[in-house]
Amino acid sequence: MRYFKYFSAQLKRTLKLAVGVFPTAMLLFACLGAAAWLFFSSAWFTEKQEKYKIGVVGKIDETYLGFGIYAVQTLDSTRFMVDFIPMEEEEARAAFRNGDVIAYVTVPDEFLDSIIYGRNDVPLGYVVSEGQKGLEGYLMEELSVAVSNLVTSSQCSIYSMQEVARRLGETKDLRKWTDDFNLRLIGYVLGRTGLAELEELGLSKGLLVRQYYFCAIVLLFTFLFGITGAALFLGRNEGLGKWMKLRGIGPVMQVLCEFGCYYLLAFACVAIPLTILNLITGQMSFLNCRIWMDDLLKVTAVVTLLSSSMQFAIYETVKNPVANLLLQFIGILGMGYVSGYLYPASFFPEGIAHFGSILPTGVAFQRMSSSLFGVEEGRASALLLAYVGVFLVTSILVRKWRILKEDR
């Protein structure tokens, strides 16, 4: 009965704190959500990316080259990446200097005849910037090599077929065979994307970018929420523990009752905004998969247990307000950084990434991603429970030491 009364007293005390903490927590969650929305809707992240623009200088309108460029821009998959813009040479130079095009190509008048008759002695002019190429420079270089290989390989195969036909004396239908062969090669080139299957591997263990940073932002909020507990734990009467022990409530039950109340507050402040977000977005449809609310609440309860036990242990161990808050803020941001909350863990060296994965923040990330997105969790559940046990035992031992210190 005395345990229940102590728990009720702590719960009332926690609810008084919740009046001020809950709006602050909702504001923090809204700020993190707004930051995530801006990140996901930024120009470089969305699918509506601006295509690379390349100027084309030369008489192409009245030639097969113009038809080929039109076909590439309407039928080929490169139309989603590159725009070829006909220009005069002076216009192309000005656009290149102003950054309106990343490169331009000059097409001599004799180029098409050189290709048709197999001489290949008239090169194209390709103007790009000097120095550091950047991503687009490497892409355009690879594209030019691929196009050159396609043209020369197709050319060689057609002339080889014609040479074999002449040697065998089968020249009657050679023109028809050449046309059929050209159409077949064009079909192969346009359908080359069907030779491979595109699979988005994501950032870590197959998670999409949105899924990865959803876990990171929720967990960052969950761990940073502990700072709001300063009013609940700092500045307390140190003699309360000794007095409660004299009333028959030892350090174990003191810690468990106080931690239980704090855990309920932390879980409510995380679960409520997630529930609202789930309703607004249609079961987290922006994550490209459906999230069931019961699964979300279960994993939220588990990771909140870890974060709140860690924060409770810090409050119990470090009583200086400034040192406590600095330790929580810097420590959580540092652990979150190494665990991949800001940059994906795969960006770090293997040793650092492994170290980050066994920290409390890394374990919580593995547990949440495995529950929501089916990622293999390994030993995450066992490590999570071990951390909770270590933090609670630490809190109990520190509380017991402080009570014994008061008795001396």
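How exposed is R93, going by its relative accessible area? R93 is partly exposed, at 31%, where partly exposed covers the range between buried (under 20% relative accessible area) and exposed (over 50%), with a 1.4 Å probe and protein chains only.

A word on the ground rules. This is a predicted model, so local features need pLDDT of at least 70 and side-chain atom pairs count only at pLDDT 80 or more, while totals for chains, interfaces and linings use all residues. Residues are numbered from 1 along each chain as its sequence is written, and side-chain values use heavy atoms, with hydrogens and water left out.

Now the overall picture. The protein has 15 helices and 4 strands, taken as DSSP runs numbered from the N terminus (helices: H or I, at least four residues; strands: E, at least two). Of its 408 residues, 38% are buried.

The strands form an open sheet in the order β2-β1-β3-β4, with mixed pairing; two strands count as paired if DSSP finds at least two bridges between them. At the edges sit β2 (82-87) and β4 (125-127), each pairing on one side only. Strand β1 (residues 52-57) runs parallel to β2 over 6 bridges, and V56 faces P86 in β2.

Helix α3 (residues 89-98) lies across β1, β2, β3 (103-106) and β4, at about 160° to β3. That angle is taken between N-to-C directions on a scale from 0 to 180 degrees, using axes fitted to C-alpha atoms, for helices over the stretch in contact; contact means heavy atoms within 4.5 Å.

On to the salt bridges, of which there are 6: each is a side-chain nitrogen of Lys or Arg within 4 Å of a carboxyl oxygen of Asp or Glu. Here are some of them.

| Pair | N to O distance |
|---|---|
| E90 and R93 | 3.3 Å |
| R167 and E163 | 3.1 Å |
| E316 and R399 | 2.7 Å |

E90 and R93 are 3 residues apart in helix α3, so about one helical turn separates them. R167 and E163 are both in helix α5 (residues 134-167), 4 residues apart. R167 is exposed at 70%, whereas E163 is partly exposed at 37%.

E316 and R399 are both buried. E316 is in helix α11 (residues 293-317) and R399 in helix α15 (residues 380-407), so this pair ties together parts 83 residues apart in sequence.

Lastly, helix α14: 13 of its 14 residues are buried, and G374, with a positive phi near 70°, follows it.
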